[in-house]
Amino acid sequence: MKVEVDADRCRGHGICLTLCPEVFTLHDDGYAEAAAEVDAGFEDAVRAAERGCPERAILLG
């Protein structure tokens with residue numbers, strides 16, 4: 001699974017980091033970024049982060 005964070009939409013709520021810290025991190029500026037490829041073991045957590053993002057900034061592919 002590929003995951004991306006839309007930098008224009010992200011507002012740094014950090015919900016994704018809370019739900020899946022193995023995939024999501026925060027830049028020094030407080031906005032999220034994601035590992036390009038996600039291990040299959042974290043797919044459910046990444047999908048939960050996608051659903052929980054209030055800005056709909058997480059894009060899955």
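What percentage of the 61 residues in the protein chain do buried residues make up?

Modeller: This is a predicted model, and in it buried residues make up 26% of the 61 residues in the protein chain. The secondary structure comes to 2 helices and 4 strands, and from the N terminus on the elements run β-α-β-β-α-β. Along the principal axes, the C-alpha atoms fill a box of roughly 30 × 20 × 20 Å. The radius of gyration is 10 Å, which agrees with a compact globule, because a globule of 61 residues would have a value near 10 Å. If contacts between residues at least 6 apart in sequence are taken, 57% of them join residues at least 24 apart.

In soluble globular proteins, nonpolar side chains tend to be buried together. Here the largest nonpolar core has 15 residues, and those with the most contacts inside it are V3, V23, F24, V46 and I58. Both β1 (3-5) and α2 (43-52) supply at least two residues each to this core.

F24 can be followed in detail. With its neighbours within four places in sequence left aside, F24 is in contact with V3, V5, C16, L17, E33, A34, V46, A49 and I58. Among these partners, V3, V46 and I58 are also on the list of residues with the most contacts inside the core.

The loop between α1 (15-19) and β2 (24-26) holds P21.

A search of the whole structure finds 1 cavity of 30 Å³ or more. The largest cavity has a volume of about 110 Å³. It is lined by 15 residues, of which C10, H13, G14, C16 and C53 are the closest to its centre. By type, the lining divides into 10 nonpolar, 3 polar and 2 charged residues. C16 links the two parts of this account: C16 is in contact with F24 and is also one of the residues closest to the centre of the largest cavity.

Note on methods
Residues numbered from 1 in each chain as written. Predicted model: local features only at pLDDT ≥ 70, side-chain atom pairs only at ≥ 80, totals over all residues. Heavy atoms only, no water. Core = buried A, V, L, I, M, F, W, Y, C linked by side-chain atoms within 4.5 Å. Buried < 20%, exposed > 50% of the residue type's maximum accessible area, 1.4 Å probe, protein only. Contact = heavy atoms within 4.5 Å. 1 Å grid on protein atoms, 1.4 Å probe; cavity = no way out; pocket = protein on both sides within 12 Å on 5 of 7 lines; lining within 4 Å. Points joined across faces, edges and corners; volume = space filled by probe spheres on them. Nonpolar A, V, L, I, M, F, W, Y, C, P; charged D, E, K, R; others polar. Rg over C-alpha atoms; globule rule 2.2 N^0.38 Å.
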